[in-house]
Amino acid sequence: MGDLKKEKLVNFMSKIMEESGFKVYKDFRTSSYLVDIYGILPTAIGDISVVVACKNYDEKWKVGLDVLKEMEMVAKNLKASKIVIVTTSDYTKQAINYAARKNIKLINRQGIISLAENFSKRLQAPEEEFQDEIESYTPKESNFSNSRKLLSRREPETPILNKFRGLFQNLIFLVLLVVGLSVGLTKLIETFIQLDGRILGILKIFFSFILSYGVTPLGEKEKVLILLRGTVVFFISLLILIIIILI
């Protein structure tokens, strides 16, 4: 029964990743490890890979540091750029602190419910589609009700907003926007303050970094994808700005 529930959790996470553009491999086996999900996101500068561990634990059993370190070994073996761990319970304080230092994404039981609601809205399908899969680890009624109230406060998306969101999901548009704004802001500052060329170059790179992670959330909702896409946009923008600076 536990294996069946874990399989449903793996399938759910796989669907979310596939909807976000990942090519997903479930139960991916390496020479030393078996990974629940191995996802690859094709980009203009190469593939970005993510390893995901799904733990179907009882509410009282928390994921510890050992799981995180094991996934680090898996990521190193596969040269993955991101680690995500999903559990139907929660994490120990040690694991949470370690994940924060190592940039490991942790998703607990409440996070799964939030993902389920966001996923059902994206597909314009009823929330009950995944209800059976999360029923066994639904939190106390008060917590769940509070979560639903917070999510229900979000204003409905208009067709215009959807149109712009599609535009901000375009990688080329984001790169051009970041580069254009970085150059424009630097020139604006230059009109008021005379600065050395090297300082202006550093300012362009600084603006590029801020904007890359600032505009990405307009097209993405998931934090993992925001981080990945923001990194890609910044890296490409940085290369373009360096070429502009050298010219």
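Let me begin with strand S3 (residues 46-55), which pairs with S5 in the parallel sense over six bridges. Pairing here requires that DSSP find at least two bridges between two strands. Helices (H or I, at least four residues) and strands (E, at least two) are DSSP runs, numbered from the N terminus.

The model is predicted: local features need pLDDT of at least 70, side-chain atom pairs count only at pLDDT 80 or more, and totals for chains, interfaces and linings use all residues. Residues are numbered from 1 along each chain as its sequence is written, and side-chain values use heavy atoms, with hydrogens and water left out.

How is S5 (residues 82-87) covered? Six of its six residues are buried, that is, under 20% relative accessible area, with exposed meaning over 50% and partly exposed in between (1.4 Å probe, protein chains only). Lys82, Val84 and Val86 lie on one side, and Ile83, Ile85 and Thr87 on the other. In a regular strand, side chains alternate between the two faces of the sheet.

I turn now to helix H3 (residues 93-102), whose buried residues are Ala95, Tyr98 and Ala99. These lie on the same side of H3 because they cover an arc of only 100° around the axis, taken from the directions from the helix axis to the C-beta atoms. Their cover includes strand S4 (62-63), helix H2 (65-78), strand S6 (90-91) and strand S7 (105-107), where contact means heavy atoms within 4.5 Å. The face turned away carries the exposed residues Lys93, Ala100 and Arg101. Just after H3, Asn103 adopts a positive phi of about 60°.
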